Amino acid sequence: MNVPRLHFANLLTSVETLPRLSEALGGPHLLIKRDDQTGLAFGGNKTRKLEFLAAEAREQGAKTLITGGALQSNHCRQTAAAAARFGFKCILVLTGDKSERASGNLLLDQLFGAEIVYVADRKDRDRILQEAFDRATKEGTKPYLVPYGGSNATGALGYAFAMKELIDQNVSADWIVFATSSGGTHAGLLLGQRIFGFNGKILGISVDEPEEWLKKEVSQLASATSEKIGERIEFTPADVLVNADYCDAGYGVVTEREREAIRLFARHEGLLLDPVYTGRAAAGMIDLIRKGFFKRDETVLFLHTGGLPALFADQYTHEFR
Ligand SMILES: Cc1ncc(COP(=O)(O)O)c(C=O)c1O
């Protein structure tokens with residue numbers, strides 16, 4: 001494989017058992033893979049993607065990393081950190097209003113020295129991102145566009161190799177459950193499963209997108225990613241397992257389900273989840289356990305994808321007081 005990669009993630013990430021949570025839920029054997037500890041500004045799933053994305057930017061001679069997301073985007077925080085670490089300028093186009101008091105991820109974006117462009121309405125974000133890109137090109141600060149969520153064929157490679165890592169760790173699980181949104185983590189895992197031979201099922205719990213969209217997006221992305229490391233493998237929407245039953249409240253809206261999941265992980269295992277992604281995915285997993293979706297003798301591995309700085313964002317702290 002001849003794909004550029006910068007090695008800065010703290011790999012491999014540990015796999016731990018969750019005996020007290022498993023007992024409290026009367027559920028299957030539960031494991032957690034700690035991708036909240038991948039390093040790079042509090043860790044998370046973007047670290048693995050950025051190893052490939054930042055390397056590609058550097059190879060193309062880029063001087064600026066530019067990307068966009070929500071005001072509390074983990075992807076943007078980690079992109080800003082990677083930019084600082086490798087000497088790129090960083091421009092972030094964030095949906096939301098500039099506030100007097102930055103907190104959580106936004107506070108960290110500022111610490112990393114990112115230039116922040118605020119967009120009041122999400123529907124204008126693509127256009128404003130393009131304008132920022134064009135401006136940087138004109139000014140000669142050669143921009144490299146990191147896709148939303150780091151989810152393209154380059155970024156998804158990070159999770160194809162995460163799957164190899166898991167197999168090399170001799171972990172056997174019947175299910176991998178995790179938060180899926182822009183689809184890159186999901187696509188990488190799916191491709192890694194096929195290439196490296198993982199026997200379990202991969203179930204993404206949607207944080208915000210409809211099932212049909214994710215199935216299509218993830219299968220297309222997995223197919224495109226396969227070309228980066230070998231011959232094209234054709235995935236179809238039927239290859240992708242998605243549950244979108246837990247995202248009705250909307251992106252980033254904390255409900256009693258997320259609050260309960262976050263408390264259960266905290267009080268039974270001393271583990272932290274984030275309010276937007278892992279909190280929602282864990283809430284889905286817990287509901288599925290209660291409904292008997294997983295068999296009692298099965299092993300379910302929860303992939304912790306990070307996101308923890310959002311716990312300290314002003315918009316979320318009150319949820320847990
Ligand atoms: C903490 C966390 N978990 C999961 C996801 C979803 O990953 P993906 O965008 O690859 O579907 C994100 C995306 O931003 C995230 O920040």
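Let's start at Asp-245, which sits in the loop between strand S9 (241-243) and helix H9 (256-269). Helices (H or I, at least four residues) and strands (E, at least two) are DSSP runs here, numbered from the N terminus. This is a predicted model, where local features need pLDDT of at least 70 and side-chain atom pairs count only at pLDDT 80 or more, while totals for chains, interfaces and linings use all residues. Residues are numbered from 1 along each chain as its sequence is written, and side-chain values use heavy atoms, with hydrogens and water left out.

Asp-245 counts as exposed because its relative accessibility is 52%. The scale runs like this: buried is under 20% relative accessible area, exposed is over 50%, and partly exposed is in between (1.4 Å probe, protein chains only). Together with Glu-211, Glu-212 and Asp-248, Asp-245 forms a negative surface patch. A patch takes residues with over 30% relative accessible area and no salt bridge, joining like charges within 9 Å and nonpolar side chains (Val, Leu, Ile, Met, Phe, Trp, Tyr) within 5 Å. Asp and Glu count as negative, Lys and Arg as positive, and His and the chain ends are not counted. Each charge is placed at NZ of Lys, CZ of Arg, CG of Asp or CD of Glu. The areas come from the Shrake-Rupley method with a 1.4 Å probe, and for residues only the protein chains shown count as cover.

## Strand S2 and its partners

Strand S2 (residues 29-34) is largely enclosed by the rest of the structure, because five of its six residues are buried. On one hand, S2 pairs with strand S1 (residues 15-17) in the antiparallel sense over three bridges, and Thr-17 stands opposite Leu-31 in S2. On the other, S2 and strand S10 (residues 299-304) pair in the parallel sense over six bridges, with His-29 opposite Thr-299 in S10. Pairing here needs at least two DSSP bridges between the strands.

S1 and S2 are also linked through side chains. Glu-16 forms a salt bridge with Arg-34, and their closest N and O atoms are 3.1 Å apart. Glu-16 is in strand S1 and Arg-34 in strand S2, 18 residues apart. Glu-16 counts as partly exposed at 29% relative accessibility, whereas Arg-34 counts as buried at 10%.

## Other salt bridges

The structure holds 24 salt bridges, each a side-chain nitrogen of Lys or Arg within 4 Å of a carboxyl oxygen of Asp or Glu. One of them joins the side chains of Arg-5 and Glu-51 (2.8 Å, N to O). That pair links distant parts of the chain, with Arg-5 in the segment before S1 and Glu-51 in helix H2 (residues 46-59), 46 residues apart. Arg-5 is partly exposed at 26% relative accessible area, but Glu-51 is buried at 1%.

Then there's Arg-259 with Glu-319, where the closest N and O atoms are 2.5 Å apart. Arg-259 counts as buried at 18% relative accessibility, and Glu-319 is buried with a relative accessible area of 16%. Elsewhere, Asp-121, Lys-123, Asp-124, Arg-127 and Glu-131 are linked in a network of salt bridges.
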